[in-house]
Amino acid sequence: MRYPSSLCLAISLSAGVFAQFNTAHAASFSVQSPDKQLTFTIRDDNNQPKYQVSFQGKPIINPSSLGFDFARAPSMRDNMYISNTVRANSHNTWQQPWGETREVVDHHNELLVTFADKSTKVNQYRMRIRVFDDGLGFRYEVNKTNARYITRELTEFSIADSGDSTAWWIPARGWNRYEYTYNTTPLHDAAHVHTPFTFKNKHGIHMSIHEAALVDYAGMTLNQRRPGTFVSDLTPWSDGIAVKTNGQFKSPWRTIQVGDQAKDLLNSHLILNLNEPNKLGDVSWVEPGKYTGIWWGMHIGKHTWGSGDKHGATTERTKQYLSFSAEHGFDGVLVEGWNIGWDGDWFFNGDVFSFTKAYPDFDMDAIQAHADKVGARLIGHHETSGNVSNYRNQMEAAFALYEKSGVTQVKTGYVADGGNIKRIDERGHARFEWHDGQFMVNEYLDNIKLAAKYKISINTHEPIKDTGLRRTYPNWLTREGARGQEFNAWGTPPNPPEHTPMLAFTRMLSGPMDFTPGIFNMGFNGLGDKTNRPQTTLAKQLALYVVLYSPVQMAADLPENYLARPGAFQFIKDVPTDWEQSIALAGEVGDYVVFARQERARGKYTGEDWYLGAITDEKARQIDVALDFLSPGKRYEAQIYQDGENANWQQNPYDLAIKKQRVTYKDKLSLNLATSGGTAIRFKAL
């Protein structure tokens with residue numbers, strides 16, 4: 001008998017679930033979620049490893065292939081059988097030092113499957129599968145002694161009922177990286193896409209395919225080959241190789257988040273749970289918070305990054321921003337354009353940037369003295385313009401300078417077209433890489449590790465996508481990785497009304513985003529629907545601080561625009577960025593979303609108040625919200641910032657109604673959202 005009795009541990013399921021498998025001479029093993037709603041089954045049909053997933057007894061992933069092709073070594077795709085299995089489970093709670101929730105429950109069942117060559121009986125690789133109530137992850141574990149260069153990963157996701165599914169997606173491997181507006185199409189029209197890739201089947205089941213713990217490996221995109229079947233398409237090196245290994249490697253986790261409703265995806269912690277615990281030790285020096293910045297003025301043409309009469313990053317302007325920030329309770333000021341290299345066409349200036357030399361009108365010592373005096377800090381900025389070798393050569397000196405100057409947070413930038421990251425190889429030749437290829441995956445993480453040495457936290461722009469590594473390296477605070485607020489200044493067209501409610505169910509499933517909300521002047525180019533401007537109401541800009549999570553949030557507009565609207569500005573001053581718990585209350589992909597979050601006790605925040613944010617697309621809507629998330633036995637003052645009766649995003653975005661009322665957990669509120677509008681509420685404990 002090929003399989004010993006100790007291995008015959010397959011969970012018995014209905015025959016209908018696996019009717020599409022050829023069961024002759026095949027071993028089959030299954031592992032279920034703790035609530036038994038989600039089942040992952042793996043088999044060796046015809047000596048070809050395949051898996052399938054069902055949810056609530058219905059298939060959601062049809063039989064899908066596994067394995068690898070290599071440049072020189074034999075492929076791992078067929079002539080294999082399951083030689084061993086090991087089961088495990090886990091149920092524990094761990095804490096984030098900062099985050100959208102303090103305590104995270106990790107409850108999963110695990111199956112570890114070994115595949116061996118049928119002819120030689122030599123083990124080829126192991127597949128580790130973990131199934132949670134909110135989704136699952138699986139990864140390859142290969143332990144070979146000879147170097148193996150991966151040319152293709154053969155992992156498939158064959159979507160059941162794909163012909164009746166709707167997908168929300170952005171194109172992969174394009175010039176603008178992840179910075180596209182999202183498409184809403186039948187699933188069959190999604191050709192080559194980035195992850196997270198979110199879709200809904202005909203039964204209303206919502207799913208999102210992504211990856212977790214992307215380390216020393218190429219980013220995974222999804223390429224639809226046969227209708228409904230997406231193949232892992234790894235972003236290659238400049239020489240065409242996908243992943244370069246020494247033969248011993250673990251792939252990132254391939255993840256599938258699953259829920260009955262769209263909001264279930266928002267309440268998932270799957271990606272975090274599949275990452276390793278904190279490797280940095282004491283990270284009390286990592287501090288969430290809010291900041292202002294010499295930033296928006298450059299985007300709307302009031303200031304420049306380069307030197308000259310309109311230079312934004314001057315000593316005096318930075319002092320003014322520091323004083324404003326300190327007066328209104330902000331932690332720091334981001335300053336872009338302070339260092340040599342911004343003159344000319346800085347998009348292509350990667351070779352000449354200095355990360356230690358300032359322009360003559362930017363006095364770092366004087367600025368730091370003023371920062372110490374008023375009680376706000378300078379937030380650093382490193383723009384590479386895609387030349388990572390130039391940055392690599394200066395990185396340690398740059399972090400040392402910031403450490404000396406009291407800088408504890410740095411925004412990094414990697415502005416370059418996709419496929420145009422410049423590195424200098426060991427022979428001195430320029431090579432051009434993708435932002436999400438293996439080389440850059442490692443480069444981003446090396447930046448994080450070196451920053452930690454100097455107790456500096458990083459906010460990465462033009463990043464590799466988030467895959468939950470903030471758990472392992474908590475100084476990786478946030479990142480961009482989507483079409484942000486700046487596109488509303490010059491995007492032509494700017495972000496449409498559906499963009500932010502779309503981000504909640506797509507990009508935000510991977511982790512925090514530095515969207516830079518809080519624009520109060522919508523008319524810098526005039527109002528209407530044909531100009532570059534935020535296509536939102538003022539209330540929606542406030543609600544974004546709750547809906548789009550980031551542990552560091554920017555008050556992105558100019559100080560004078562906040563002073564002109566002190567009532568609305570109060571919400572930005574009050575709202576925290578670190579949360580005890582977060583609950584998605586309602587929503588549909590790209591239409592609307594409602595979040596409630598409880599502040600975490602930190603600094604001036606007691607941990608007793610709750611905040612709510614609701615946003616909508618171009619459609620005005622009324623949303624009824626039960627307040628049963630509030631603490632029983634407590635009374636709250638609801639400080640409500642909502643669209644006024646005449647608000648609409650095109651011609652009257654500033655109509656904002658501010659009111660207060662007493663509430664308890666037994667109450668309900670009706671939220672009236674204007675076109676591209678929102679509601680922001682602080683529930684202040686009494």
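In this predicted model, the structure holds 36 salt bridges.

- The side chains of Arg 126 and Glu 141 meet in a salt bridge, with a distance of 3.0 Å from N to O.
- This pair links distant parts of the chain, since Arg 126 belongs to strand E8 (residues 123-132) and Glu 141 to strand E9 (residues 135-143), and the two are 15 residues apart.
- Arg 126 has a relative accessible area of 34% and is therefore partly exposed, whereas Glu 141, with a relative accessible area of 6%, is buried.

- A salt bridge of 2.7 Å, from N to O, joins the side chains of Lys 302 and Glu 560.
- This pair, too, links distant parts of the chain: Lys 302 sits in the loop between helix H3 (296-299) and helix H4 (315-327), while Glu 560 lies in helix H11 (residues 559-563), and 258 residues separate them.
- Lys 302 counts as partly exposed because its relative accessibility is 40%, and Glu 560 counts as partly exposed because its relative accessibility is 39%.

**The pair Lys 244 and Asp 239**

- The side chains of Lys 244 and Asp 239 meet in a salt bridge, and the distance from N to O is 2.8 Å.
- Lys 244 counts as partly exposed at 24% relative accessibility, and Asp 239 counts as partly exposed at 49%.

**Charges and surface of the protein chain**

- The protein chain has 73 positive and 76 negative side chains, and the centres of these two sets lie 4 Å apart.
- Its accessible surface comes to about 24,700 Å², and carbon and sulfur atoms account for 46% of that surface.

**Overall form and packing**

- A compact globule of 686 residues would have a radius of gyration near 26 Å, and the value for the protein chain is 26 Å, so the two agree.
- Along its principal axes, the C-alpha trace of the protein chain spans about 80 × 65 × 45 Å.
- Of the 686 residues in the protein chain, 63% are buried.
- Among the contacts in the protein chain between residues at least 6 apart in sequence, 70% join residues that are at least 24 apart.

Key. Residues are numbered from 1 along each chain as its sequence is written. Side-chain values use heavy atoms; hydrogens and water are left out. The radius of gyration is taken over C-alpha atoms; the globule rule is 2.2 Å times the number of residues to the power 0.38. Buried means under 20% relative accessible area, exposed over 50%, partly exposed in between (1.4 Å probe, protein chains only). Contact means heavy atoms within 4.5 Å. Accessible areas come from the Shrake-Rupley method with a 1.4 Å probe; for residues, only the protein chains shown count as cover. Lys and Arg count as positive and Asp and Glu as negative; His and the chain ends are not counted. The place of a charge is taken as NZ of Lys, CZ of Arg, CG of Asp or CD of Glu. A salt bridge is a side-chain nitrogen of Lys or Arg within 4 Å of a carboxyl oxygen of Asp or Glu. Helices (H or I, at least four residues) and strands (E, at least two) are DSSP runs, numbered from the N terminus.
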